[in-house]
Amino acid sequence: MMNDGRLALYLHIPFCRHRCSYCDFNTYTSLGDLKVSYTDALCREIEQVGRLAGGERPCHTIFFGGGTPSLMSPAMLGQILQSVRRHFALTDDVEITMEANPGTVDGAYLTAVRQLGINRISFGVQSAIASELVLLEREHDFPAVIAAMADVRAAGFNNFSLDLIYGVPGQTLESWEESLRAALTLEPPHISLYCLTIEPGTPMNRWLGNGRIQPPDPDLAADQYELASQILADHGLIQYEISNWARPGHECRHNLVYWRNQEYLGLGAGAHGSANGYRYEVVKQPRVYIRRMANEAVGPFPLSAAVAAHHAVDRAEAMSDTIITQLRLLQEGLDLAAFQTRFGQSLDDAFDGTMSQLVDWGLLAVGNGRLRLTQQGRFLSNQVFYRFM
Ligand code: SF4
């Protein structure tokens with residue numbers, strides 16, 4: 001793993017007011033009364049991992065993800081950030097992102113969290129079309145997004161991102177274009193586009209089974225992705241990652257850590273982390289998490305008392321991870337010389353000519369010593385990645 005000593009911190013907030021029809025994230029709608037004890041447990045986990053690190057490790061990004069982090073009061077978020085500041089050395093330019101749902105925030109709330117040092121908001125917009133938002137069982141409508149964006153700007157945030165979903169049952173190329181253009185009127189410096197996957201156990205999967213909705217059409221989803229790439233490029237947004245576009249300088253620094261396969265800590269119920277040669281996962285259930293965090297950690301760094309599973313990353317996994325994550329970065333790509341230095345073998349040798357074959361097929365290209373997905377490779381990225389697993 002490329003490692004410059006700096007850490008990224010992911011902090012999971014597992015509470016939502018209502019469960020969206022497609023959601024299989026680690027979130028709970030009936031545990032809001034645990035927020036205070038969860039905040040305390042998260043602060044203990046930050047302290048434990050900070051101590052295991054053996055000194056104040058520099059931290060350059062923090063990401064409150066969920067769930068709905070904007071359901072936490074500014075006082076709770078402040079308590080968590082104070083704990084981070086006590087046990088890690090935040091860089092001067094630290095990026096602190098909070099995921100938020102329109103309809104859960106107002107001007108006073110956003111001003112309060114901005115004052116805590118949170119400097120980036122990621123909004124789950126998903127669609128501008130009322131019927132699609134109803135199907136997704138989102139709690140907001142698009143006018144709520146417009147109002148929230150006005151509050152975001154008034155609170156002093158100049159860095160924010162909007163999420164949209166394509167591949168939604170009933171969505172057309174036209175309705176997708178309408179959502180995209182509506183989102184662009186808000187002039188986002190960053191935008192993330194996700195293709196809906198209907199996961200087992202979700203209400204949407206049940207609706208698929210009983211015929212209430214039709215299965216998404218993968219060809220339409222591919223057309224929607226291609227259309228989005230054109231429209232966003234026309235608006236000056238650079239596609240720096242398979243699902244992410246930004247104005248220069250507004251790339252999500254936290255997510256870049258994942259895609260560069262650098263070290264990050266995952267703290268809070270169900271969070272995943274990767275550091276010190278380990279990959280690990282924290283227990284999912286918030287009540288169990290809170291109970292576990294009453295115990296002492298035995299380590300090693302970064303394994304807190306709430307870690308449910310971990311393993312040491314071996315050479316084969318490290319090679320695959322490096323390729324699969326770095327190829328997601330469409331502009332930056334993968335540094336072939338750095339790969340060879342780290343693993344003592346060229347990428348092409350390590351995978352028996354797979355790279356050359358994919359270059360011949362026009363799915364990968366080499367330029368300036370870097371390996372990148374081609375335009376065609378972007379559409380078939382999962383098949384490219386599969387060959388390096
Ligand atoms: S807001 Fe996000 S985390 Fe919460 S239920 Fe909806 S999709 Fe899941």
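Which residue in β15 does leucine 364 stand opposite? I looked this up to open the notebook, and found leucine 373. Before going on, I note for myself that this is a predicted model.

**Entry: the sheet with β13, β14 and β15**

β14 and strand β15, residues 370-373, pair in the antiparallel sense, and I find 4 bridges between them. I then traced the open sheet, which has 3 strands in the order β13-β15-β14, with antiparallel pairing. The edges are β13 (334-335) and β14 (364-367), each of which pairs on one side only.

Next I stepped into the loop between β14 and β15, where asparagine 368 sits. Its phi is positive, about 50°, although asparagine 368 is not a glycine. Is asparagine 368 buried or exposed? I count asparagine 368 as exposed, because 8 other C-beta atoms lie within 10 Å and the limit for exposed is 12 or fewer.

**Entry: β9 and its partner**

Strand β1 (residues 7-13) pairs with β9 in the parallel sense, over 4 bridges. Within that pairing I picked out tyrosine 10, whose bridge partner in β9 is glycine 266.

Phi of asparagine 261 is near 60°, a positive value in a residue other than glycine. How exposed is asparagine 261? Asparagine 261 counts as partly exposed, because it has 19 C-beta neighbours inside 10 Å and buried would need 20 or more.

**Entry: the β10-β11 hairpin**

I moved on to strand β10 (residues 272-275) and strand β11 (residues 278-282), which run antiparallel and are joined by 4 bridges. Alanine 275 stands opposite tyrosine 278 in β11. The two strands form a hairpin with 2 residues between them. In the turn I noted asparagine 276, with a positive phi of about 55°.

**Entry: cis peptide bonds**

I found another from phenylalanine 301 to proline 302, with omega near 10°. Proline 300 lies in the loop between α10 (286-292) and β12 (307-312), and proline 302 is placed in the loop between α10 and β12 as well. Both were worth a line here, as most peptide bonds are trans.

**Entry: α6 against α8**

I followed helix α6 (residues 173-184) to helix α8 (residues 218-234): their axes come within 10 Å and cross at roughly 35°. The crossing is right-handed. From α6, the contact uses Leu173, Trp176, Glu177 and Leu180. On the α8 side I listed Leu220, Asp223, Gln224, Leu227, Ala228 and Ile231. Sorted by type, the contact residues come to 7 nonpolar, 1 polar and 2 charged.

**Entry: the ligand shell**

Which residues surround the ligand? My list reads Cys16, Arg19, Cys20, Cys23, Phe25, Thr27, Gly66, Gly67, Thr68, Asn101 and Gly124. The shell divides into 4 nonpolar, 6 polar and 1 charged.

Proline 143 lies in helix α5 (residues 142-154). I count proline 143 as exposed, because 11 other C-beta atoms lie within 10 Å. I also checked proline 143 against proline 102: they are 41 residues apart in sequence and 9.5 Å apart in space, C-alpha to C-alpha.

Glycine 55 sits in the loop between α1 (35-52) and β2 (57-66). Glycine 55 is exposed too, because it has 9 C-beta neighbours inside 10 Å. From glycine 55 to phenylalanine 88 I read 33 residues in sequence and 7.9 Å in space, C-alpha to C-alpha.

Note on methods: Residues numbered from 1 in each chain as written. Predicted model: local features only at pLDDT ≥ 70, side-chain atom pairs only at ≥ 80, totals over all residues. Near = placed C-beta within 6 Å. Nonpolar A, V, L, I, M, F, W, Y, C, P; charged D, E, K, R; others polar. Axes fitted to C-alpha atoms, helices over the stretch in contact; angles between N-to-C directions. Left-handed = near helix turned anticlockwise from the far one by under 90°. Contact = placed C-beta atoms within 7 Å. Pairing = 2+ DSSP bridges.
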